[in-house]
Amino acid sequence: MDTSLFQPITSLIEKSQNILVLSHAKPDADALGASLSFYLAMKELGKQVTVVTNEPTKENMAFLPAINTLQYTLGGSKDFIITLDTSKKSISKIKYNAEEGRVNIIITPKDGVFMANDVTFRAGKNQYDLIVAFDTGNIEYFGSLYDKNVQMFFEVPIINIDHHASNTDYGQLNLVVPTAASTTEILYEYLLFLEKKNNKKLVSPDVATLLLAGLITDTGSFQHANTSPRALEVAAELLDLGGRQQEIIKNFFKTKKLSTLKLWGMILSKVQVDVLHRMVWSSISLEDFNSSEAEPEETEGIIDDLLTNAPGAEVIFLIKQNKDYVSVSTRSTANGIDVGKMCAENGGGGHPRAAGFKVVGQRPFEEVVAEIVKKVREFQAKRLNIHPEDLKFENSGGSKLENLKTETQKTETTNAQPTAAGAGFNPSPKKDEVKTEQKPTEKKVTYLDFAAPKAPVAPAPAPAPVISATETTAKTAGPGYNPAPGKMEEPAVKAEPKPVVTPQAPAPEKPAEMRKPAPNLEQKITQNVAKVAGQQPATPKKHRKRHHKPKADGNPTGTPNMQTKNEQPK
Ligand SMILES: [Mn+2]
């Protein structure tokens with residue numbers, strides 16, 4: 001680890017009188033472990049430190065040493081000073097009274113009269129003269145503490161200690177070490193430096209427990225790929241120093257609330273798989289939270305503990321409906337698959353193997369889910385170099401597709417109807433889930449491409465385009481695109497599109513409800529996945545093209561009302 005910043009950090013701490021320690025909103029064990037161990041070490045060195053988080057911590061954190069010293073508000077971080085010029089007139093008395101939302105300061109002069117121009121105002125000093133931030137990649141991740149005290153963050157120097165590769169270096173000193181498994185791993189190295197410098201023991205059993213808590217949780221008990229040799233060494237040393245590993249394991253991994261178990265059951269029952277794009281996902285709505293009586297935080301862990309176990313999965317994500325936004329937590333199962341990059345492209349961030357982003361806006365949850373699934377699918381299509389032709393020429397389960405099979409898909413395939421595009425590896429819609437009766441002649445008709453983007457503005461989304469099974473070229477649909485009604489070659493200009501049928505096998509129009517997002521939209525997406533698997537990042541086009549190659553350019557989907565906002569991933 002590059003220790004060149006250790007001395008500048010120490011100098012800044014030494015000359016500060018009142019240190020504020022912060023971490024990201026909804027602090028996890030790494031954020032709290034770092035904050036509280038720093039607090040204990042600084043106390044040992046006689047420094048005045050205040051640790052503030054923006055909300056009460058979860059029950060399972062209650063065992064953390066020094067947790068009771070946490071404050072949940074910054075209070076008034078700055079005084080307001082009213083100055084009266086007394087160089088020419090002196091004061092006999094000062095009093096104040098408060099009435100109906102105002103304070104009167106009553107100053108009685110000994111002689112003469114005070115005038116308005118004898119009074120000046122100014123802001124006092126900040127209550128804190130140094131901020132030490134842990135585990136927080138972006139200054140906005142402080143949440144409400146930042147929102148309510150923006151000025152302070154610009155006036156007070158910040159030491160930024162973090163292991164998120166996406167860290168924006170917002171501090172005056174930025175000790176950002178992306179190779180560290182946790183922020184506490186970095187802090188441990190720094191505390192060893194301070195111990196030497198001060199010739200004083202700082203890593204007590206409590207401090208070791210806090211540091212170890214961050215390391216254990218951020219590595220998923222040393223299961224994640226960020227578990228470096230150094231992470232294991234640090235863990236060993238912390239155990240040696242009295243870190244209470246069993247206490248950590250018991251509180252973080254072996255205790256689950258009944259509501260959590262119910263919620264996890266719901267999430268697992270909704271798991272979706274796209275074999276071709278090697279992605280596994282699930283979603284959880286506000287309704288699910290209500291019926292399980294679970295809190296949004298209770299989804300934590302399921303993605304790492306269970307979803308990443310899906311065979312063949314490379315990208316795993318969980319879509320969670322919150323009150324005002326939809327959040328996406330993503331994981332990848334290999335170092336070369338950088339979901340952090342994908343999330344950054346969507347306004348979020350994180351690590352290559354664990355990241356997240358948010359989608360803001362008042363739209364039906366199903367619609368947002370479909371958009372997110374599409375974004376991830378496009379990411380994977382680009383990565384895996386999936387072309388529409390792959391389906392056309394390997395449609396009998398060629399070697400490339402063969403090894404993607406998983407037990408899940410094999411099961412699903414038993415219900416599948418063979419189609420030209422999907423034969424052999426991916427199901428078409430199950431009969432019982434497609435409300436239209438399927439005649440044999442309709443076999444070659446791909447139903448609705450729910451994965452294609454919807455028209456962005458209309459509250460009831462525009463019908464998704466339809467792909468003929470004989471034409472494996474991706475439907476080039478985008479915002480504003482109207483699928484061609486009736487015949488394939490007809491320019492798509494009509495406002496009321498109809499499903500496309502192949503020339504060989506004309507099919508009846510689908511019922512109206514099929515053209516709208518159905519409640520089980522995600523299932524339909526999955527079922528149709530093979531057939532639309534070659535789908536491009538959609539570009540508005542009037543005509544279909546055969547052998548349309550994916551373009552390497554940025555984000556052609558341009559869904560304008562899909563706003564994203566930063567989210568701090570774990
Ligand atoms: Mn962390």
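Modeller: Happy to! One convention first: helices are DSSP runs of H or I with at least four residues, strands are runs of E with at least two, and both are numbered from the N terminus. Please also keep in mind that this is a predicted model.

Let us begin with the sheet itself. Five strands form an open sheet in the order S2-S1-S7-S8-S9, and their pairing is parallel. At the edges sit strand S2 (48-52) and S9, each of which pairs on one side only. Ignoring direction, neighbouring strands of this sheet are turned by 15° against each other on average.

Helix H2 (residues 29-44) packs on it, touching strand S1 (18-23), S2 and strand S7 (130-134). The direction of H2 makes about 165° with that of S1. Helix H5 (residues 183-198) lies across S7, S8 and S9, and runs at about 115° to S8. From its first C-alpha to its last, H5 reaches 22 Å over 16 residues, close to the 22 Å expected at 1.5 Å a residue. Several residues of H5 are buried, among them Thr183, Ile186, Leu187, Tyr190 and Leu191.

Most residues other than glycine have a negative phi. Asn199, which follows H5, has a positive phi, near 50°. Back between strand S8 (158-162) and strand S9 (173-176), the loop holds Asp169, a residue other than glycine whose phi is positive, near 55°. Asp169 counts as exposed because it has 12 C-beta neighbours inside 10 Å, and the cut-off for exposed is 12 or fewer.

Ser221 also has a positive phi near 55°. Its place is in the loop between helix H6 (205-218) and helix H7 (229-240). With 16 other C-beta atoms within 10 Å, Ser221 is partly exposed, since that label applies between the exposed limit of 12 and the buried limit of 20.

Conventions:
Residues numbered from 1 in each chain as written. Predicted model: local features only at pLDDT ≥ 70, side-chain atom pairs only at ≥ 80, totals over all residues. Pairing = 2+ DSSP bridges. Axes fitted to C-alpha atoms, helices over the stretch in contact; angles between N-to-C directions. Contact = placed C-beta atoms within 7 Å. Expected span 1.5 Å × (residues − 1).
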